[in-house]
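Biologist: Please give me a close look at one part of this model. Pick a helix and its surroundings, and walk me through the packing.

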Amino acid sequence: MSELDLQIPSAFDPFAEANAEDSGAGSKEYVHIRIQQRNGRKSLTTVQGLKKDFSYSKILKDLKKEFCCNGTVVQDSELGQVIQLQGDQRKNVSSFLTQAGIVKKDHIKIHGF
């Protein structure tokens with residue numbers, strides 16, 4: 001029995017990469033655009049993962065003016081600064097960020113239903 005090297009299979013964790021200590025908000029340089037359902041037809045669009053070099057208030061001002069909606073910048077303890085906009089603005093925000101040269105198209109992830 002000593003001649004056989006028995007290997008006990010270890011448990012494979014598919015989310016180990018996401019749970020690694022070095023992976024945090026923006027570690028993969030992705031900008032996440034999400035939608036949150038409020039009530040009924042009302043919804044919020046959140047933009048998370050922009051570089052800290054950018055002025056969030058100026059980006060928010062341009063987004064609000066471009067899409068005729070209201071919004072705010074929220075400080076989150078885990079995610080950092082997050083831009084919130086009224087309504088479903090996912091496609092609009094992604095096209096705005098790419099046209100303004102803030103983020104490349106392949107670095108944007110759009111989440112939602």
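Modeller: Start with Cys69, which is buried at a relative accessible area of 13%. Bear in mind that the model is predicted. A disulfide needs the two sulfur atoms within 2.5 Å. The count of disulfides comes to zero.

Cys68 also marks a place in the chain. It comes just after helix α2 and takes a positive phi of about 55 degrees.

Now the helix itself. α2 covers residues 56-67, twelve in number. From first C-alpha to last it reaches 16 Å, close to the 16 Å expected at 1.5 Å a residue. Its buried residues are Tyr56, Ile59, Leu60, Leu63 and Phe67. They sit on the same side of α2, because they cover an arc of only 100 degrees around the axis. The general rule behind such a pattern is simple: an α-helix has 3.6 residues a turn, so residues three or four places apart point the same way. Lysines take the other side of α2: Lys58, Lys61 and Lys65 are exposed there.

What do the buried residues of α2 pack against? Their partners are β3 (71-76), β4 (80-86) and α3 (90-99). Take Leu63 as a test case. Setting aside neighbours within four places in sequence, Leu63 is in contact with Ile83, Leu85, Val93 and Phe96.

Leu63 leads on to the core. The largest nonpolar core has 18 residues. Those with the most contacts inside it include Leu63, Ile83, Leu85 and Val93. Val47, Leu50 and Leu97 are also on that list. At least two core residues come from each of β1 (31-37), α2, β4 and α3. α2 gives the most, with five.

Finally, follow the strands around β4. β3 and β4 pair in the antiparallel sense over six bridges. A hairpin of three residues joins them. In this pairing Gln75 stands opposite Gln81 of β4. β4 also pairs with β2 (residues 43-48), running antiparallel to it, through five bridges. There, Leu44 has Gln86 of β4 as its bridge partner.

Technical notes
Residues are numbered from 1 along each chain as its sequence is written. This is a predicted model: local features need pLDDT of at least 70, side-chain atom pairs count only at pLDDT 80 or more; totals for chains, interfaces and linings use all residues. Side-chain values use heavy atoms; hydrogens and water are left out. Helices (H or I, at least four residues) and strands (E, at least two) are DSSP runs, numbered from the N terminus. The expected span of a helix is 1.5 Å times one less than its number of residues. Buried means under 20% relative accessible area, exposed over 50%, partly exposed in between (1.4 Å probe, protein chains only). The arc is that of the directions from the helix axis to the C-beta atoms. Contact means heavy atoms within 4.5 Å. A nonpolar core is a set of buried Ala, Val, Leu, Ile, Met, Phe, Trp, Tyr and Cys residues joined through side-chain atoms within 4.5 Å. Two strands pair if DSSP finds at least two bridges between them.
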